Each structure stands twice: as structure tokens, then as C-alpha cells.
Amino acid sequence: MNSRSELARPTSGKRRLRDLLLLKDNRFCADCGAPDPKWASANIGVFICLKCCGVHRSLGTHISKVLSVTLDDWSEEDIGAMVEVGGNASANSIYEAFIPEGYSKPGPDASHEDRTRFIRSKYELKNF
């Protein structure tokens, strides 16, 4: 599975989501780089870790609709939105297009405050 076009073909929703998660760039949190994300923001189109998931939830569903990759039931609309975006690399090319030189993203061990500041700047304020 190497391309979004392959993901768009008819198959079960859970399988399409799982296949998207297996793409190289989606194996790490879109915001902090933690390995093996188990959550996603369906409307933004990114896979995220548990720590970043909490910050996304605090933004409200009008900004980030957070779903568990394994526990929640996904609508076809939510899965289609994820496939359309293509995942972390594609979304980050938009939301992180203008990160200032020298600015560093939070890492997997970042504090809650640093993580919150970055995620709010990225998705709510659209500073980048």
C-alpha cells in the first residue's frame, strides 16, 4: 500500500483506515513525533498520540474531531476525510508550511504546556 489512490478504492472502512495508518509518515504522531499513534483528528486528517489527543480534544470538535483508531466507530465521511487528506505528511505540509526558522516542534517528552502551545498555534491560531 503506497498511495492514497489505492486507499480510495472500495473496501471496508476499518481496513482503509488501518492501511492509511500503516503509511510511513502516519506511524508517528503528527504533532510531537511519538511512535505508534492510536488516535486521529478526523477533520484535520492527522494521526496523533494519546498526549496530543488530550490537547486536540480541548480545542473543540469544530477545530479537531478526535477519534480512537481502534475503539471508536468511524463514519464513512470521517474515513473519507482522512483518506482525502492523506495523513500526517500532507496535513503538516499545510499546517506547518511557515514554521519560523529555528522553531522546534515539541518532542514526545514535551511538557503539556509546550505541547498545548504548539498545537493551539498550529490548528486553532494557524500561525504557521
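Which residues form one aromatic cluster? Tyr-103, Phe-118 and Phe-128 do. The whole structure holds 4 aromatic pairs. Rings of Phe, Tyr and Trp (its six-membered ring) pair if their centres lie within 6.5 Å; planes under 30 degrees apart count as stacked, over 60 as edge-to-face and the rest as tilted.

## About the model

This is a predicted model, in which local features need pLDDT of at least 70, side-chain atom pairs count only at pLDDT 80 or more, and totals for chains, interfaces and linings use all residues. Residues are numbered from 1 along each chain as its sequence is written, and side-chain values use heavy atoms, with hydrogens and water left out.

## Overall fold

The protein chain has 6 helices and 3 strands. Helices (H or I, at least four residues) and strands (E, at least two) are DSSP runs, numbered from the N terminus. Along the sequence, the pattern reads α-α-β-β-α-β-α-α-α.

The C-alpha trace spans about 40 × 25 × 25 Å along its principal axes. A compact globule of 128 residues would have a radius of gyration near 14 Å, and the chain agrees, with 14 Å. That radius is taken over C-alpha atoms; the globule rule is 2.2 Å times the number of residues to the power 0.38.

Of the 128 residues, 45% count as buried. Buried means under 20% relative accessible area, exposed over 50%, partly exposed in between (1.4 Å probe, protein chains only). The chain exposes about 7000 Å², and carbon and sulfur atoms supply 53% of it. These areas come from the Shrake-Rupley method with a 1.4 Å probe; for residues, only the protein chains shown count as cover.

The largest nonpolar core has 20 residues. Such a core is a set of buried Ala, Val, Leu, Ile, Met, Phe, Trp, Tyr and Cys residues joined through side-chain atoms within 4.5 Å. Among those with the most contacts inside it are Cys-29, Ile-48 and Tyr-123. β2 (46–48), α3 (50–59) and α6 each supply at least two of its residues. α3 gives the most, with 4 residues.

A second, separate core has 13 residues, including Leu-23, Ala-40, Leu-67 and Met-82. Leaving aside residues up to four places away in sequence, Ile-48 touches Ala-40, Cys-29 and Trp-39, among others. Contact means heavy atoms within 4.5 Å.

## A buried lysine

Lys-122 lies in helix α6 (residues 112–124). Is Lys-122 buried or exposed? Lys-122 is buried, because its relative accessible area is 0%. Beyond residues up to four places away in sequence, Lys-122 touches Ala-30, Asp-31, Asn-92, Tyr-95, Glu-96 and Phe-128. Phe-128 also belongs to the aromatic cluster.
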